Amino acid sequence: MLEDPGGGAARREGGTFKAELWSSCRGWLKMKLHCEVEVVSRHLPALGMRNRGKGIRAVLSLCQQTPGSRPRPRAGGERGGPLPTCLVICTLRDKRGTRYELKENIEQFFTKFMDEGKATVRLKEPPVDICLSKANSSSLKSFLSAVRLAHRGCNIEVPLSTFTPVKTSEFEKFKTKMVITSKKDYPLSKNFPYSLEHLQTSYCGLVRVDMRMLCLKNLRKLDLSHNHIKKLPATIGDLIHLQELNLSDNHLESFSVALCQSTLQKSLRSLDLSKNKIKALPVQFCQLRELTDLKLDDNELIRFPFKMGQLTNLRFLSAARNKLPFLPSEFQNLSLEYLDLFGNTFEQPKALPVIMLQTPLTLLESSARAMLYNRIPYGSHSIPFHLCQDLDTAKTCVCGRFCLSCFIQGTTTMNLHSVAHTVVLVDNMGGTEAPIISYFCSLACYVNSCDMLK
C-alpha cells in the first residue's frame with residue numbers, strides 16, 4: 001500500500017481507484033520521475049521529417065492546479081468537478097517545463113519494456129508520443145499507475161498551492177558515473193543514483209555485494225575490486241545491460257552456474273576474476289559467449305572448462321600464475337589476440353594414452369551419444385538431473401562426435417602461437433608450448449590421429 005506524507009493511502013471507492021500518491025510541495029501537488037524523455041510528434045513522418053531519436057534528461061511531475069489557477073469554465077460548463085491533472089516535463093534548459101493535460105487525453109500506453117525502465121505514453125492532443133527511458137523500473141510503474149488514474153479523472157483530495165520551477169539540483173540525480181575508493185565515502189544512509197551506468201566501489205571492505213547495486217538497471221560497468229567478497233548473488237545476472245564486471249582481488253572461490261545461465265550471456269563483454277581463490281569454472285561458463293576479455297590471473301585454477309572453444313568472441317585471455325596441468329582439446333578453437341599463461345604447472349605429455357573404451361557400448365553411452373549428436377533438447381523436466389549433468393560434461397572427440405565415459409585420452413603439445421597473435425612465455429625458459437589433452441570416441445579415431453600424439 002502506498003502512503004503519502006499525510007498518511008493517506010491508495011484505495012478503491014465505487015470501483016475507481018483514488019490515489020493520494022503525490023507529496024505536497026510549494027505550488028503544485030507532485031509525483032516525480034527522473035528519466036530520459038523524448039517527445040515525438042506523430043505529424044513529423046507525414047511532413048517528411050524525422051525526430052532526432054535521442055532522449056534528454058528530464059524530471060516528470062504529475063501536477064494538479066489549484067482552483068484559482070484554472071481557466072474559468074465556459075458559461076453553462078461544469079463547475080466543482082475534479083481538479084485536472086497535468087504531466088509537466090522539465091529539463092535543464094526549461095525548468096518551468098512543458099505541460100500536457102491528462103484527463104481523457106491518453107490514447108495508449110506502451111509498457112512491454114517497463115522492467116527495463118522504458119515506456120511510452122501516447123497522447124491524443126497534442127498528437128505526440130512521450131518516450132521514457134533509463135527510469136527506475138519500480139518508480140516508473142508507480143508513476144504510470146498514477147498517470148492512468150489522472151487519465152480517468154480521479155479527484156485528488158489534498159490541499160494545493162502555486163507552482164515553482166524544478167531546481168537545478170534535481171538534475172544531479174542523473175549522475176551516470178560514481179567512483180568510491182574508501183570506506184568513509186561509501187553511502188550507508190542513501191541509495192545510489194538510479195541512473196548510474198558506471199559504479200566503482202573499491203577498497204571499501206565489502207564482504208558481500210550490496211543489494212542496492214542490483215537495482216541499478218542501467219549499469220554497464222560494475223567494479224567491485226579490492227574488497228572481501230566471498231560469494232556472488234545470482235541476481236547480478238538481472239543487470240541486463242552489464243558489459244564489464246571487475247571482481248579482482250576478492251575472496252571468491254567459485255563463479256556460479258546461475259550467473260553463467262543468466263542474461264549475462266548476452267551482455268557481458270569483460271570479466272576480471274584475477275586474484276581470487278577459484279579452483280575451477282563450471283562447464284556452463286562457456287555459455288558467456290559475448291566475452292572478449294577474460295582475466296583469471298593469480299587464482300588456484302586446476303583446469304579450464306573443456307568447452308573453452310565455444311568462447312568464439314574471446315580476444316584477450318590472461319590466466320597466469322595458476323595450477324593448470326594441461327589445456328582442454330577445444331582450446332585449439334580459440335582465436336586470440338593476446339594470451340598469457342605464464343607460471344602454470346604444466347605437465348609433460350604422457351607417452352601412453354589412457355584407455356577407457358568398452359565394447360559394446362553401454363546403453364547409457366549409446367543413448368547419450370545419440371542425443372548429443374542429433375542435438376535433441378533435454379532438461380531436468382524430461383530426464384533426471386544427474387543425467388543432464390553427464391550430458392553437459394560430455395567430451396568432444398577430435399572427429400566432432402561426443403563421448404561420456406567411454407573414450408581414449410591422449411596428450412600432446414601445442415604451440416600457443418597457433419591460437420594467439422601475442423603470447424607471453426609460459427616459463428622462464430622462453431617456451432611458448434603447452435600440453436593439450438584430447439579425447440577419442442573410438443579406437444579408429446585414435447589410430448587416425450596417432451601421428452599427432454607421437
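The model is predicted, and the values given here are computed from it. Rolling a probe the size of a water molecule over the atoms shows where empty space is left.

**The largest pocket**

- The largest pocket holds about 1,000 Å³ of space, and among the 37 residues that line this pocket, Val 283, Lys 307, Leu 391, Asp 392 and Thr 393 are the closest to its centre.
- Two or more residues of the lining come from each of helix H4 (363-373), helix H5 (385-392), strand E21 (395-396) and strand E25 (433-440), and H5 gives the most, with five residues.
- Sorted by class, the lining of the largest pocket has 21 nonpolar, nine polar and seven charged residues.

**The cavities**

- Across the whole structure, a search finds four cavities of 30 Å³ or more, and the largest cavity holds about 60 Å³ of space.
- The residues lining the largest cavity include Cys 35, Glu 36, Arg 57, Lys 134 and Phe 174, and the lining as a whole divides into three nonpolar, three polar and four charged residues.

- Strands of a sheet pair through backbone hydrogen bonds, either parallel or antiparallel.
- In this open sheet the three strands follow the order E20-E23-E25, with antiparallel pairing, and the edge strands, which each pair on one side only, are E20 (354-355) and E25.
- E20 and E23 (residues 408-415) run antiparallel and are joined by two bridges, and the bridge partner of Ile 355 in E23 is Ile 408.

Notes:
Residues numbered from 1 in each chain as written. Predicted model: local features only at pLDDT ≥ 70, side-chain atom pairs only at ≥ 80, totals over all residues. Heavy atoms only, no water. 1 Å grid on protein atoms, 1.4 Å probe; cavity = no way out; pocket = protein on both sides within 12 Å on 5 of 7 lines; lining within 4 Å. Points joined across faces, edges and corners; volume = space filled by probe spheres on them. Helix = DSSP H or I, 4+ residues; strand = E, 2+ residues; numbered from the N terminus. Nonpolar A, V, L, I, M, F, W, Y, C, P; charged D, E, K, R; others polar. Pairing = 2+ DSSP bridges.
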